[in-house]
Amino acid sequence: HVYWALSPAVTRMTKTPCGIPVGGGDALYLGSENLAAFSELSAVPLTLAQVEDAADWQLLTLIYLLQCPDLRLISVWSPVFLFPLLSALDIRRNEITALLRDGGEITGHSLSADPAALVRYRQYLQEQNTALLWPQLALISCWDQAASASPAQALMTCFPGVTLQGKGLLSTEAVITVPPDCGDPQLSADSNFYEFRRDNGQIYLADELLPGETYSVIVTTNSGLYRYQTDDLVLCTGHTQEGLPQLRFCGREGICSDLVGEKLTEPFVCAGLPPSQDFAVLAADEQGYVLLLSDTCTETQAQAYCEETEQYLCTNPQYHYARRIGQLKPLTFLRLYQPAEHYFHRQLQRGKRLGEIKIPALLTSSDWRAMFEIREFP
């Protein structure tokens, strides 16, 4: 079986004035001829995408996954998507235990008791080893570059022996790169027509890209987009044997923080955040920056991460100058309880689908304290 991320239905399906359905679920994209095969492979019923309450959706997802010992593949967009599910295995243990022991019904889903799953689950609670739940799990597919690089590394520590496959650069508008047999993703040359713009404004074609250079992607698609500027930044790291450029996603071009002229961009920040953390974000404050971390790291670890990140930020000459003359305060840090859950909740309130939410490396808006329910200043 396979688990493809299914998000809760934060909004009901609607139709445009022309009758085009919006938010209709996987059936609209897969087509009726593929839906049956997709449904048969799925570890969770596709009807979970119709569950509107996020807490019910989470509990149902966990029960169905726990009842699927032959799970072989997990495919999600953001690696952070899985952290709240893993945390809920412990936090909601009483509810999960009762449902596996006695069965029950949640929002129209009838759940049967599963003694074997309950035994595996109780072993997991004692040993915290996901291989006890899903011994056949072989591959996790998710974003693993730019802001997702560190969470992806942290995620795989929860799944020892499982292979991580990065998804490459995929967007609603176009497929840009796909995973190769080895190395960084390669350009999906047969999908669209691509152009690449350097920061000096010069435009290059795919066969003109140079290793070590960073480009912004422009795509023309057969569906009607003409020279669409994606604002995705990619670093050319080499070429395949067939001559296709290998491109590493660096971040978004338009995300930049400039409190006093330091001009911190998302690609720059991504490269300096603490590695292998399930949550690490730089947030702009009134007179400086705050490193937001999960409280899964200790106070001592957080202090060390803060000092290392501050040293990295000072490699930006404008940031270093602003710090030296006192325009910016020293970097501080905050350890937050379930920060990913808080971020997801706020984005769900804004109508986004859970599976497609990506946590940025750099927060420039002033509402981040409310987002994480922070009431005290560092």
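Trainee: In which sense do strand 18 and strand 21 pair, and which residue is the bridge partner of L282?
Mentor: This is a predicted model, in which local features need pLDDT of at least 70, side-chain atom pairs count only at pLDDT 80 or more, and totals for chains, interfaces and linings use all residues. Residues are numbered from 1 along each chain as its sequence is written, and side-chain values use heavy atoms, with hydrogens and water left out. Strands (E, at least two residues) and helices (H or I, at least four) are DSSP runs numbered from the N terminus, and two strands pair if DSSP finds at least two bridges between them. Strand 18 and strand 21 (residues 362-363) pair over 2 bridges in the parallel sense, and the partner of L282 is L362.

Trainee: Which residue in strand 19 stands opposite A284?
Mentor: Strand 19 (residues 289-294) pairs with strand 18 in the antiparallel sense over 5 bridges. The two strands form a hairpin with 4 residues between them. Opposite A284 stands Y289.

Trainee: How many residues of strand 18 are buried?
Mentor: Buried means under 20% relative accessible area, exposed over 50%, and partly exposed in between (1.4 Å probe, protein chains only). In a regular strand the side chains alternate between the two faces of the sheet. In strand 18, A280, L282 and A284 point one way, V281 and A283 the other way, and all are buried. For strand 18 (residues 280-284) the count is therefore 5 of 5.

Trainee: What is the angle between the planes of W77 and W143?
Mentor: Rings of Phe, Tyr and Trp (its six-membered ring) pair if their centres lie within 6.5 Å; planes under 30 degrees apart count as stacked, over 60 as edge-to-face and the rest as tilted. The count by this rule is 7 aromatic pairs. W77 and W143 form a tilted pair, 5.7 Å centre to centre, with the planes at 35 degrees.

Trainee: Is W77 buried or partly exposed?
Mentor: W143 is buried, with a relative accessible area of 12%. W77 has 33% relative accessibility, so W77 counts as partly exposed.

Trainee: How many residues apart are F279 and F372?
Mentor: F279 and F372 form an edge-to-face aromatic pair, 5.8 Å centre to centre and 80 degrees between the planes. F279 is in the loop between helix 8 (266-270) and strand 18, and F372 is in the segment after helix 12 (368-371). The pair links distant parts of the chain, and the residues are 93 apart.
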